[in-house]
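Hi everyone, thanks for making the time. Please have a look at the structure while I talk.

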Amino acid sequence: MSKIKTSHIFTSESVSEGHPDKVSDQVSDAILDACLAQDPESRVACETLCTTDLVVIAGELTTNAKVDFEAVARQAIRDIGYTSNDIGFCADTCEVQVRLHSQSADIAQGVDEGAGLHTEQGAGDQGMMFGYASNETTALMPAPVDYSHKILAKLADLRKNQPEKYSFLRPDSKSQVSVQYENGKPVKVTAVVVSHQHTEEMEASQLENIVREVVAEVIPADLLNDEIVYHINPTGKFVIGGPHGDCGLTGRKIIVDTYGGVGSHGGGAFSGKDPSKVDRSAAYYCRYIAKNIVAADLAEKCEIQVAYAIGVPEPISINVDTYGTGKLASDSQLEEVVNKVFSLKPADLIADLGLKNPNGWCYQNSAAYGHFGRDIFPWEKTDKAEALKAAVGA
């Protein structure tokens, strides 16, 4: 009989807002935000490709909004920091091609309330979506991906808000954090990898010193130690980067966007899609459910799976998995409780989270540094924790 594995190391990565795939995600979501701002009923499925001084925007949308898509794309790129002609990609000079057309009427009738075979709003596609939460960090996220995001977010903050001091940093970067677990609990960080685009003038020691300072700031002290292995720009040089160094596409970083490889993934990407697409909105809602279950101390970790058929309002299945960490109720009992406390009909979950009318947040902000684990988004609320505890008789 094999022994139970009590110690293991798990690694997750993050990529910055200047990574070419994330440039594409942010342009797609900036277009979604612009449409929803004028017409909350907009249907958007926007894909973006970016490469050396070229942006191509394609997909389907149905909206009454009047949007200058090229201007929106250029502003998103400008916000990221691509504002110089000497790095092969510049917001003001790159070519922008727009190839958008209307959504298929066959799909629309399955989503529109009162159309198709069902009177209620149906799911915008078939498929399965997952949400996950764990009590191993204050954000109720897996530690490796949470800290990977925080490292890059802090480096971007330094680059943007102290440009004179950090003028040698450019927008493209990647990070990776390895965490050792004992009996399912994170006990220490074993390795940190950071690759950051830079100017020719930067010395390697400059970046290494900054990364070590950032790690000490964003990772809890009890996980840090003198034995952490650092790999900082391990190729030795990272001057050519961003869309000039690698072609970017919307929706290509689905593991970075979610839980860093922890738990399951249904395969659907998020950015550029309006909330009628359940592979985005239902994944957000599943995170909302899982996070509230963990926040209610009904489990140490929890994964929610939901599945839909296109055009059908009721999900065809809901599954709760607490990986054996559940308290006060079994997983099957938690499924019953979830059905009482939450509604996973597309129209209901969209209304519950206000996904058509972002208030104080925007989809573009979700397109870098993770869609989960940051309290700026409504699916990170834990306002249903008390209702869940009451429903199980806690």
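Let's start with H8 and H10: H8 passes H10 in a left-handed crossing. Before I go further, please keep in mind that this is a predicted model. H10 covers residues 346-353, and the two helices pack at an angle of about 65 degrees, with their axes 10 Å apart. Who makes the contact? From H8 we have Val278, Ser281, Ala282, Tyr284, Tyr285 and Tyr288, and from H10 we have Pro346, Leu349, Ile350, Asp352 and Leu353. Sorted by class, that contact of H8 with H10 holds nine nonpolar residues, one polar and one charged.

Next, please find H1, residues 20-38, and H2, residues 69-80. Their packing angle is about 130 degrees, and their axes lie 9 Å apart. That angle is why H1 counts as oblique to H2. The crossing here is right-handed. On the H1 side you can pick out Val23, Gln26, Val27, Ala30, Ile31, Ala34 and Cys35, and they meet Phe69, Val72, Ala73, Ala76, Ile77 and Ile80 in H2. What classes of residue do we find where H1 contacts H2? There are twelve nonpolar residues, one polar and no charged ones.

H4 passes H5 in a right-handed crossing. The residues in contact are Tyr147, Lys150, Ile151, Lys154, Leu155 and Leu158 of H4, together with Ile210, Val214, Val215, Glu217 and Val218 of H5. That contact of H4 with H5 divides into eight nonpolar, no polar and three charged residues.

The largest pocket holds about 290 Å³. It is lined by 17 residues, and the closest to its centre are Gly81, Thr83, Arg159, Leu169 and Pro171. The lining has six nonpolar, five polar and six charged residues.

How many cavities of 30 Å³ or more turn up in a search of the whole structure? The search finds three.

The largest cavity has about 90 Å³ of space. Of the 13 residues around it, Phe130, His265, Gly266, Phe270 and Ala283 lie nearest its centre. Strand S5 (127-134) and our friend H8 (278-295) each give at least two residues to the lining, and S5 gives the most, with three. By class, the lining of the largest cavity splits into six nonpolar, six polar and one charged.

The second largest cavity has a volume of about 70 Å³. Its lining is made of Leu36, Pro40, Glu41, Ser42, Arg43, Gln121, Asp274, Pro275, Ser276, Ile350 and Lys356. The lining of the second largest cavity divides into four nonpolar, three polar and four charged residues.

Conventions:
Residues numbered from 1 in each chain as written. Predicted model: local features only at pLDDT ≥ 70, side-chain atom pairs only at ≥ 80, totals over all residues. Heavy atoms only, no water. Axes fitted to C-alpha atoms, helices over the stretch in contact; angles between N-to-C directions. Helix = DSSP H or I, 4+ residues; strand = E, 2+ residues; numbered from the N terminus. Parallel < 35°, antiparallel > 145°, perpendicular 65-115°, else oblique. Left-handed = near helix turned anticlockwise from the far one by under 90°. Contact = heavy atoms within 4.5 Å. Nonpolar A, V, L, I, M, F, W, Y, C, P; charged D, E, K, R; others polar. 1 Å grid on protein atoms, 1.4 Å probe; cavity = no way out; pocket = protein on both sides within 12 Å on 5 of 7 lines; lining within 4 Å. Points joined across faces, edges and corners; volume = space filled by probe spheres on them.
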